[in-house]
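Me: I'm new to this one and would like to know where the labels come from. Can we go through it together?

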Amino acid sequence: MAVLDWIMILAYFGVLGGVVWWSMRRNKIESEEDLFLGGRSVGWLAIGASIFAANIGSEHLIGLAGSGAVAGLSQSHWEFHAWVLVMMSWVFLPFYYNSGVSTMPEFLERRFGARARWILSLVSLAAYVLTKISVTVFAGALFFEVMMPEVQITIGGTVISSFWIGAVTTVILAGLYSSIGGLSAVVYTDLVQTGIILAGTLSVTGFALYHLGHSGAVLPDGQTAQSICDGWQVLKATIKSTGNVEQFGLWHSLSHKAFPWLGVVVASATIGVWYWCTDQFIIQRTLAAKDMTNARRGAIWGGFLKLAPVFLFLVPGMLGFALHHNHVQIGGNVFAIPMKTLADGTQALNGDTVFPTLVQTLLPVGFRGLVVAGMIAALMSSLASLFNSVSTLFTVDVYQKLKPDTPQKKLVLIGRTTTVVMTALGLLWLPIMKAISGGGLYQYIQSVQSFLAPPIVAVFLTGLLWKRMNLRGACWGLGLGFLLGMVKLTLNATMPGPDGYAFIQDFYFSGILLVTSFIIVIVASLTAPPPDRAHLDGLNFSCLSPEYKKANRESWNWIDVVASIVVVGCVIAAYAYFWTWLD
């Protein structure tokens, strides 16, 4: 890290502080709505950028790039979810926004009853602490450890490494501006951080293609690679020459141990609907919109940005694999990804070090600082969003339910205190995640989410589509479905089968759990009386008033339709290209 790199990082923090200060002056926090929903005054551009920045955490830069280096396009199905955001904007969002709720558990209470709200609140809080916060903090700390090993502090003879310094600093800062500035500060800093993330990661892709294209490798037509455009052809030739066509392809056989195509299709779609259409973490941004039009356009804009991760993170990982295999000389040194020792004693690429190695090796002074700033942006935006969402869930769905007469100012204080507690829990998780050996962070989080998502998806979808569904169906679907998912997670941890999978492959289990959850919801609902009309009006497709339909129709025009078609078309085009890209 040269002086110019540090200047870039400090400039980032200066801009961040300025945006937080501006957002606080623009939106004074006097109520829970100001703290958690930005006073419902945010425009579509900021909403879409916040959706993207909140989604792109350090686990993407670390985990997705690592997955690209060792498994090619296998994880791309989870990143081509732009179509799910389009579905959310047209199918789910009108119900959420027009009902005036602040949280997803609150929506379930409107549709079913209080018990459903309690169950989803507790499940969501547990999921945030056990998966998102822990993985995001650990992945960010790992990046600091690789990129800035020289940053150390000695206290009482104990050396504190850059792993801990970087993690503690970013977690505290993210918690600070999230608790002080609320969602408004989070959303508007995300707008700036989206630009930093895009600029930083695009530079990694560009420099990787440049060095691979000027590596002198022989192309399939017998010519020598000598331009940045040849870099892509070198990548394809390298994958073919190493016999990794099936490994790096888009689809795998039904018997594939990690990514069977049927399991991947079902699990990725299920996780997508849960994450983008029902999770507080994402939906909260759209609820902060100044009106339904801005909420929908923000979601569609977020869907367009969602197309980027495959090219920003996964493709650079594959390019890193090609640079490593071709022993490309960069600045007098051979590009090499660190190796790790597997359980059987063999050596393999350490996927979770690929992106930091690319940044450290490829980028010139200045650009390196820009990418590190982008990494900090990704870490802080995800953490700030997580802290704000968890604070919202606890304050609105737990504390306020227990003490409904609490004054607004005290609710703001409770929300900020919750953020501080979440910050502390994030730091306490670091030693636990630090103890985890090996890579695969991105696959780990997708596997865990595949156990959590199915029952929530079943309850939300059935609740919107079937008016006969009632409180008993929601409670049994959420409760028993979550219990089955935790049983699978426990079996994976305590009784692993071959290659670390217990009894049923993870993504196949996700599909089985989804079908089981639908059955539980339907059967349980039929054993109790139908819901009251109060739990259906404006909360189910078959119970929409003419006034509701009219207001919803006036919230969109041809611009929204064309934008949605473009986003879906881009997803189809990406699938069409990568389906046969190695043939």
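Reply: Leaving aside neighbours within four places in sequence, isoleucine 337 is in contact with Gly320, Phe321, His324, Leu349, Asn350, Thr353 and Val354. Contact here means heavy atoms within 4.5 Å. One caution: this is a predicted model, where local features need pLDDT of at least 70 and side-chain atom pairs count only at pLDDT 80 or more, while totals for chains, interfaces and linings use all residues. Residues are numbered from 1 along each chain as its sequence is written, and side-chain values use heavy atoms, with hydrogens and water left out.

Me: Why is isoleucine 337 called buried?

Reply: Buried means under 20% relative accessible area, exposed means over 50%, and partly exposed is in between (1.4 Å probe, protein chains only). Isoleucine 337 has 3%, so it counts as buried. It sits in the loop between strand 4 (333–334) and strand 5 (339–341). Its C-alpha atom is 8.3 Å from that of glycine 351, 14 residues apart along the chain.

Me: What makes something a helix or a strand here?

Reply: Both are DSSP runs numbered from the N terminus: helices are H or I with at least four residues, strands are E with at least two. The protein has 22 helices and six strands.

Me: Is isoleucine 330 buried or exposed, and how do you know?

Reply: Its relative accessible area is 7%, so isoleucine 330 is buried. It lies in strand 3 and touches His211, Phe335, Thr361 and Leu362, not counting residues up to four places away in sequence.

Me: What about histidine 327: buried or exposed?

Reply: Exposed, because its relative accessible area is 54%. Histidine 327 is in the loop between helix 14 (309–325) and strand 3 (329–330). It also has a positive phi of about 50°, although it is not a glycine.

Me: Why is helix 11 called oblique to helix 12?

Reply: Helix 11 (residues 261–277) and helix 12 (residues 280–287) pack at an angle of about 40°, with their axes 6 Å apart. That makes helix 11 oblique to helix 12. The cut-offs: under 35 degrees is roughly parallel, over 145 roughly antiparallel, 65 to 115 roughly perpendicular, and the rest oblique. Axes are lines fitted to C-alpha atoms, for helices over the stretch in contact, and angles run from 0 to 180 degrees between N-to-C directions. Tyr275, Trp276 and Cys277 in helix 11 meet Phe281, Ile282 and Ile283 in helix 12. By class, that contact has six nonpolar, no polar and no charged residues. Ala, Val, Leu, Ile, Met, Phe, Trp, Tyr, Cys and Pro count as nonpolar, Asp, Glu, Lys and Arg as charged, and the others, Gly among them, as polar.

Me: What makes helix 5 roughly perpendicular to helix 12?

Reply: Helix 5 (residues 82–99) and helix 12 pack at about 75°, with their axes 11 Å apart. That angle makes helix 5 roughly perpendicular to helix 12. Met88, Leu93, Tyr96 and Tyr97 in helix 5 meet Ile283, Thr286 and Leu287 in helix 12. The contact has six nonpolar residues, one polar and no charged.

Me: What counts as a nonpolar core, and how many residues has the largest?

Reply: A nonpolar core is a set of buried Ala, Val, Leu, Ile, Met, Phe, Trp, Tyr and Cys residues joined through side-chain atoms within 4.5 Å. The largest has 151 residues, and those with the most contacts inside it are Leu235, Phe460 and Trp581. Helix 16 (residues 367–402) gives the most to this core, with 15 residues.

Me: Why is threonine 395 called buried?

Reply: Its relative accessibility is 1%, so threonine 395 counts as buried. Threonine 395 is found in helix 16.
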